[in-house]
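Hello,

I am passing a structure on to you.

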Amino acid sequence: MPKESTAFEELEQIDYLENAYLERVIGTYSRLIGLFLIKFSYLEHEINVAIADFIHDDAHDTGYIIIERLTVGNKIDLFYRLYLQLSALTNKKYQDRLLKIKKQLEEINSFRNNIVHANWQSLTKDRFVRTKILTDPDEGRVKFRKIKMDTELIKSKIRKIDSLINRIDNYIEKIHEVL
């Protein structure tokens, strides 16, 4: 699986970006970004349903009322905390599996945030894109955090989402079998 890389770039005096490279690759990137975001919405729905089922397995309204204003990060945390209670009633391997799922959910959510908040006009030929503006606390200089965002990385994250959806389903099914 392609590895994520991070770099930093200091703001010169004026922030002017050329987007000639993006114009050449926009079709490929937009297709993959769109697919990633659609798959991520499947994953978020999976988390929503898991929470709602935990709260009341005959109807989802109570669970959806609880999660309606939560961020994805907060939903991941709630999912983990709820199912941790069940895991604690079984053995350590279910707690370990749940923790691994939580960490992977947090990782994929972080990647989604990078995709959504990236300044795509800053995409370079070496596939780095700006994802955050930072101010150096010591010198006050403005810097940009850049993440390597190549198409293989996006494809691998799409596969990771599919795998996570299956792992969540399997985990919930197994935990209920054990209890």
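A contact here means heavy atoms within 4.5 Å. This is a predicted model: local features need pLDDT of at least 70, side-chain atom pairs count only at pLDDT 80 or more, and totals for chains, interfaces and linings use all residues. Residues are numbered from 1 along each chain as its sequence is written, and side-chain values use heavy atoms, leaving out hydrogens and water.

**The chain**

The chain has five helices and three strands. These are DSSP runs, numbered from the N terminus (helices: H or I, at least four residues; strands: E, at least two). Their order along the sequence is β-α-α-α-α-β-β-α. The C-alpha trace spans about 60 × 40 × 30 Å along its principal axes. Of the 179 residues, 38% are buried. Buried means under 20% relative accessible area, with a 1.4 Å probe and protein chains only. Take the contacts with a separation of 6 or more: 71% of them join residues 24 or more positions apart.

**Helix 4**

Helix 4 covers residues 92–117. Its 26 residues reach 37 Å from first C-alpha to last, close to the 38 Å expected at 1.5 Å a residue. The expected span is 1.5 Å times one less than the number of residues. At the start of helix 4, a side-chain oxygen of Asn91 comes to within 3.1 Å of the backbone nitrogen of Lys93.

Which residues of helix 4 are buried? Among them are Tyr94, Leu98, Ile101, Leu105, Ile108 and Phe111. Lys102, Gln104, Asn109 and Asn114 are also on the list. An α-helix has 3.6 residues a turn, so residues three or four places apart point the same way. The cover over the buried residues of helix 4 includes helix 1 (20–55), helix 3 (72–88) and helix 5 (151–178). Strand 2 (128–135) and strand 3 (142–148) are also part of that cover.

**Helix 3**

Helix 3 has 17 residues, which should span 24 Å at 1.5 Å a residue; its end C-alpha atoms are 24 Å apart, so the two agree. Its buried residues include Val72, Ile76, Phe79, Tyr80, Tyr83 and Leu86. What do the buried residues of helix 3 pack against? They pack against helix 1, helix 2 (61–67), helix 4 and helix 5.

**Helix 1**

Val25 sits in helix 1. Is Val25 buried or exposed? Val25 is buried, because its relative accessible area is 15%. From Val25 to Leu70 is 45 residues in sequence and 35 Å in space, C-alpha to C-alpha.

Best wishes

Terms used
Buried < 20%, exposed > 50% of the residue type's maximum accessible area, 1.4 Å probe, protein only. Polar contact = N/O pair within 3.5 Å; in protein donor to acceptor, adjacent residues only side chain to side chain.
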